[in-house]
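Here is a short briefing for a first look at this protein chain. Start with the sequence and the model, then read the points below.

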Amino acid sequence: MLSTMKNLAKEKDICVLATASGGVPHCSLMAYVTDKECSEIYMATQRNTQKYKNVLENPSVSILIDTREEHKGPHRHEAKAMTVAGKCELIEGEVKKGLVRTTLLERHPHLKEFLNHPDAAFLCVRVSSFLLLNGLTNAYFEEV
């Protein structure tokens, strides 16, 4: 089941990132890419955002990846929703930042101006677990 979970994360490229600070949750729609092993998920934000402030204060995050757009109308019950838990850190090294920027641009070329902005910050979520809800009742959990 772990390979199914990782494949879902690799196939998709938009997620909801949940952060929290002072007990107040905050959700953000984010473009992302994974590494080959799907042990890290990369995204970018601006430094003046609430999510950036939250990650600095509390690196524990949750990511929602789903297939709702593929299952509309009477097939909605077939949608998959996966929660990815992990720790988020800022990518500091210029080499890794460059690699992440390039990978994000390959998957999301429309983000070129955003990713090249001087205030852009690159994030790495180190995955600790996956929880896949396949349909309405079938749940699968894997720690990594």
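Cys-38 lies in the loop that links β3 (33–34) to β4 (40–46). The model shown here is predicted. The points below begin with this residue and then turn to the chain as a whole.

**Cys-38**
- The phi angle of Cys-38 is positive, at about 60°, although the residue is not a glycine.
- Most residues other than glycine have a negative phi.
- Is Cys-38 buried or exposed? Its relative accessibility is 1%, so Cys-38 counts as buried, the cut-off being under 20%.

**Fold**
- Four helices and eight strands make up the secondary structure elements of the protein chain.
- Along the sequence, their order is α-β-β-β-β-α-β-β-α-α-β-β.
- Of the contacts between residues at least 6 apart in sequence, 64% join residues at least 24 apart.

**Size and packing**
- The radius of gyration of the protein chain is 15 Å. This agrees with a compact globule, because one of 144 residues would have a value near 15 Å.
- Along the principal axes, the C-alpha atoms fill a box of roughly 45 × 35 × 30 Å.
- Of the 144 residues in the protein chain, 40% are buried.

**Surface and charge**
- The protein chain has an accessible surface of about 8000 Å². Carbon and sulfur atoms account for 55% of that surface.
- The protein chain carries 18 positive and 18 negative charges.

Definitions and conventions: Residues numbered from 1 in each chain as written. Predicted model: local features only at pLDDT ≥ 70, side-chain atom pairs only at ≥ 80, totals over all residues. Heavy atoms only, no water. Helix = DSSP H or I, 4+ residues; strand = E, 2+ residues; numbered from the N terminus. Rg over C-alpha atoms; globule rule 2.2 N^0.38 Å. Buried < 20%, exposed > 50% of the residue type's maximum accessible area, 1.4 Å probe, protein only. Contact = heavy atoms within 4.5 Å. Areas by Shrake-Rupley, 256 points an atom, 1.4 Å probe, with all protein chains shown as cover. Lys, Arg positive; Asp, Glu negative; His and termini not counted. Charge placed at Lys NZ, Arg CZ, Asp CG, Glu CD.
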